[in-house]
Amino acid sequence: MSTTAKQPPAPPKKVNRLGLAQADYRGKPSTLCKGCGHDSISNQLIKAFYEYGVEPHRVAKLSGIGCSSKTPAYFLSKSHGFNAVHGRMPSVATGAVLANRDLVAVGVSGDGDTASIGIGQFVHLLRRNLPIVYIVENNGVYGLTKGQFSATADLGSKLKTGVVNELPAVDLCGLAVELGATYVARSFAGDPKQVVTLMKGAFGHSGTAVLDIISPCVTFNNHAGSTKSYTWGKENEELIQDVGFVPFFDEIDVDYDEGEAKKVKLHDGSSIILKKLERDYDPTNRRKALELLLDSDEKKQFLTGLIYLDTKKENLIELLDVVDEPLATLPLDRVRPPKSALDDVMESLK
Amino acid sequence: MSTQTLVGEKESGAKPTVVNDFSIQVATINGSGSQSSNSVLMRAIFQMGVPVSGKNLFPSNIQGLPTWFTIRASKDSYIARKRDVDMLVAMNPQTAREDVQSLKPGSAVVYEQSLGLDNVRDDVVFYPVPFAELAKDVIDEPRLRKLLANMIYVGVVGQLLSIEKEEIRAAITKQFKAKAKAVELNVKAINVGFDYAEKKLTKADPLEIERMNETAGKILIDGNAAGALGSMFNGVTVVTWYPITPSSSLVESLIDYMKVYRIDEKTGKATFAVVQAEDELAAIGMVLGAGWAGARSLTSTSGPGISLMSEFVGLGYFAEIPAVIWNIQRVGPSTGLPTRTAQGDVLSTYLLSHGDTKHILLFPSSVAECFEFGGTSFDLAERFQTPVFVMSDLDLGMNIWMSDAFEYPEKPIDRGKVLDAEALAKVDDWGRYKDVDGDGIPHRTLPGTNHPGAAYFTRGSGHNDYAEYTERPEDYEKTMMRLSRKFDTARNAVPGPVLDEVDGAKIGLIGYGTTHWAIVESRDQLRNESDLAASYLRIRALPFNDELEAFVSKYDRVYVIEQNRDAQMLQLIRLELAHRPELLAKLSSVLHFAGHPIDARSVTEELVAQEYPAE
Ligand SMILES: Cc1ncc(C[n+]2csc(CCOP(=O)(O)OP(=O)(O)O)c2C)c(N)n1
Ligand code: SF4
Ligand SMILES: [Mg+2]
């Protein structure tokens, strides 16, 4: 061995603040169609988790049923995952977080899963402000059942077969703002930089964060006449603002001119930086948020960015005033009252 | 004829007396506030040492429809419904005539004088009382007057039945607790009733309450509150529900108790979370999410809610997630009779959800078993990693039952096969659904476990030993056969049947749940009146164990007694014994499904009719 020439030192492995590589956040190989928007979102999730340095074992991945809902198998193999029933992931996520408040809950759903069969559970999730990052991979169709319109398809948009959608779309961001979500954003799978930034912002938030991400279905809804195709998205995307993110562990504090950017501190100490573009928009104003959405709907604009943010509202766990430790693993002596308690109750019934 | 026992003669006259063995039925209007009067009357009898039970027959309505409350006093401690009413208190003009018509001859009727009932028939004893008038002596305020008229009947009935006034007063104090003003007014109303009965009524019925010593140390409670207590003392942490009669009071009691006994001393914070869900789909979804994450989680519902939970329950079965579901059964199909009792969900719950699914069901018969199964249900759910149903019913859940005080659960709880990071480190090649112990039960990990190999992917789609997606026939068959093996293991882990066998008996009776109390009493009637000895097997859970087959083998004829139309438990027994066709011929049914709790007299008559068919 001594005769071997001296090797140049191996380039240092790129790792995050936990010492984990991006590969540590990967999942199983995807079985979705090549080019599916959902895969691009999974990749951004991997990147966001890696860059943020979230401990994989603390993450719970939850989903409903659909192509989109399959994706939790394709990222974060070292996290527990739960592929529930169609449209009912919000309740499962609620139970899991109630049982263990330390979990970082990430829900992945589709537009069919959320806006049709699951709309009941979705609105109540919003209302409760459960701490969860809730991602809708919105393609305007039911991918897994072969391309029927979903309730988020725009009025007048066309299926490949020529069928025209005659009903108005459900605006998931509008619902989210109206019913109590505290971090609401829209994005586009074709704009990975914005997707990743909004994801990180959502990780830093403590409450229901809804990311409605337009995610083209290349097989059933990527043709001319569709308003959820890559081409349509690329041509029509209009940024509400330029979103930036500074994590809590980043020492560098960036200074911005008050007039051109706004910085909002998040729950965990990270910040969202909102750089002004064409419009002067304040996402902490709920009334303005709803106005923006109504307005863009009328003008058929495709606006992306942070629509609404409320960092003050109590989340469900805080509201229920439960103990700090996970309920699931409290020791018996803390969840079985003493004998004197039973004696008390028995005495009152005699 | 009747089950009344004639006990001796009263010194004063030749009239026989019926002591501590009769039913009093109070007919009122829903929402008129008669509930406290009824419980005061019942408690006063209880405090005199006489065994009692109380059944509320109420409408699905908040105000205005008829309601009947029946108090049974039974020196022999029979607590099933008694079919015949012996004393009627008729306060409801809508039903008074029909109520009087339905009495058997010789019964007593206390009624609001203005109803003029004494012309309805002449073979019962009438006691007219001007309640509305009398109430004016107690208080001026019209609204309170109505409530107090109800308390006046307690005074009248108390005097007629020789219930001690002191015990009624004590019952009032217990009922109204610290509210001195309410106690005073109600005691006044009782006195008015007592005085009136003393001065104006002549006792002409044989009924009497006499002090006994049969209730010392006993409690009065409904099954829902008992189930709530059992759950609270066995570590429930996540509770979800969607209100539905007759299950709501289980969670409502649980909330009340936990607010007192499950607040962390140091921090003042709750060691539980309760969520009123948007529907039963969400309620069961939350329970499964919580069970998956390691919590002891329950929901409580009834028929319509059970139907809605179907899809999720199949997921719980296939993905192997602990969950406890209380099914407080009511009369179906559909909305059915929402405030009446039945055992009509045995088949649908046992096989709830599509595909090959079957579930562990527990059948409590008593409030004490509701308390006990509050813990057993969680132990089984976590041990077997599957949804477990506690099959109570409206009669058990909402009516008031006498019981021995509940025993404090001393034994540790069973949290099943859960691997934490430390345990996992010692395991080679762990697979979430691998049957390493041969009992069909795999080992699970909880989300949040800090070990790189702890994670797995839970899904309701096809999966292999390592929780990976698969559509391979051999993987699917393997999983399904393991689940079947797991269910077989459960046979001897669930509460076994309770046997009471009689030497020389030719027939056997099989019952479960609230049917038990009618069977206990009916067996005595059969022995005393027809010289018919009957052995008895009480089912406490599904799946069955071998004792069922042994029992059926032993007797010439076996009757399965239940409260549904289609003999649902009998059908399951037939399936279980299908390999022994000679046993099937022995089986028949006694069915009772009109919405009222089953009673002993009806069971006895039906059994006698089947045993001694008219020539
Ligand atoms: C109760 C129930 N009904 C219907 C289905 C069939 N189904 C599976 S996925 C799906 C639609 C999924 O659409 P979406 O949520 O938009 O997901 P995508 O496939 O488009 O990503 C439907 C209707 C089901 N799984 N369960
Ligand atoms: S069908 Fe559409 S949504 Fe489904 S994987 Fe293919 S491209 Fe994606
Ligand atoms: Mg879709």
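**Figure 1. The crossing of α3(A) and α9(B) is right-handed.** Handedness here works like this: a crossing is left-handed if the near helix is turned anticlockwise from the far one by less than a right angle, and right-handed if clockwise. (Under 35 degrees counts as roughly parallel, over 145 as roughly antiparallel, 65 to 115 as roughly perpendicular, and the rest as oblique; axes are lines fitted to C-alpha atoms, for helices over the stretch in contact, with angles from 0 to 180 degrees between N-to-C directions.) On the α3(A) side you'll find A:Ser91, A:Val92, A:Thr94, A:Gly95, A:Ala96 and A:Ala99, and they meet B:Leu281, B:Ala282, B:Gly285, B:Met286, B:Gly289, B:Ala290 and B:Trp292 of α9(B). By class, this contact has eight nonpolar residues, five polar and no charged. (Ala, Val, Leu, Ile, Met, Phe, Trp, Tyr, Cys and Pro count as nonpolar, Asp, Glu, Lys and Arg as charged, and the others, Gly among them, as polar.)

A quick note for every view: this is a predicted model, where local features need pLDDT of at least 70 and side-chain atom pairs count only at pLDDT 80 or more, while totals for chains, interfaces and linings use all residues. Residues are numbered from 1 along each chain as its sequence is written, chains are lettered from A and ligands numbered from 1 in the order in which they are written, and side-chain values use heavy atoms, leaving out hydrogens and water.

**Figure 2. Helix α3(A) is largely enclosed by the rest of the structure, since 11 of its 11 residues are buried.** (Buried means under 20% relative accessible area, exposed over 50%, and partly exposed in between, with a 1.4 Å probe and protein chains only.) Among the buried residues are A:Met89, A:Pro90, A:Val97 and A:Leu98. Helices like this one (H or I, at least four residues) and strands (E, at least two) are DSSP runs, numbered from the N terminus.

**Figure 3. Helix α1(B) runs roughly parallel to α4(B).** The axes of α1 (residues 34-47) of chain B and α4(B) come within 8 Å and cross at roughly 20°. This crossing is right-handed. From α1(B), the contact involves B:Ser34, B:Ser36, B:Ser37, B:Asn38, B:Val40 and B:Leu41, while α4(B) brings B:Asn150, B:Met151, B:Tyr153, B:Val154 and B:Val157. Sorted by class, the residues here are six nonpolar, five polar and no charged.

**Figure 4. B:Ser302 sits in the loop between β12 (297-301) and α10 (303-319) of chain B.** B:Ser302 counts as buried because its relative accessibility is 0%. Its side chain reaches the backbone oxygen of B:Ile328 at 2.6 Å. (A polar contact is a pair of N or O atoms within 3.5 Å; within protein, one must be able to donate a hydrogen and the other to accept it, and residues adjacent in sequence count only if both atoms are side-chain atoms.) Skipping residues up to four places away in sequence, B:Ser302 touches several others, including B:Ile244, B:Pro246, B:Asn327 and B:Arg330. (Contact means heavy atoms within 4.5 Å.)

**Figure 5. B:Asn464 lies in the loop between β18 (457-459) and α15 (473-491) of chain B.** At 15% relative accessibility, B:Asn464 counts as buried. Follow its side chain: a polar atom lies 2.8 Å from the backbone nitrogen of B:Tyr466. The backbone nitrogen of B:Glu468 is 2.9 Å from a polar atom of the B:Asn464 side chain. Leaving out residues up to four places away in sequence, B:Asn464 touches B:Tyr433, B:Thr470 and B:Asp475.

Figure 6. The peptide bond from B:Gly332 to B:Pro333 is cis, with omega near -5°, and B:Pro333 is in the loop between β13 (323-331) and β14 (337-341) of chain B. Another cis bond goes from B:Leu542 to B:Pro543, with omega near 5°. A:Lys300 has a positive phi, near 50°, and counts as exposed at 64% relative accessibility. B:Ser162 also has a positive phi, near 60°, but counts as partly exposed at 36% relative accessibility.
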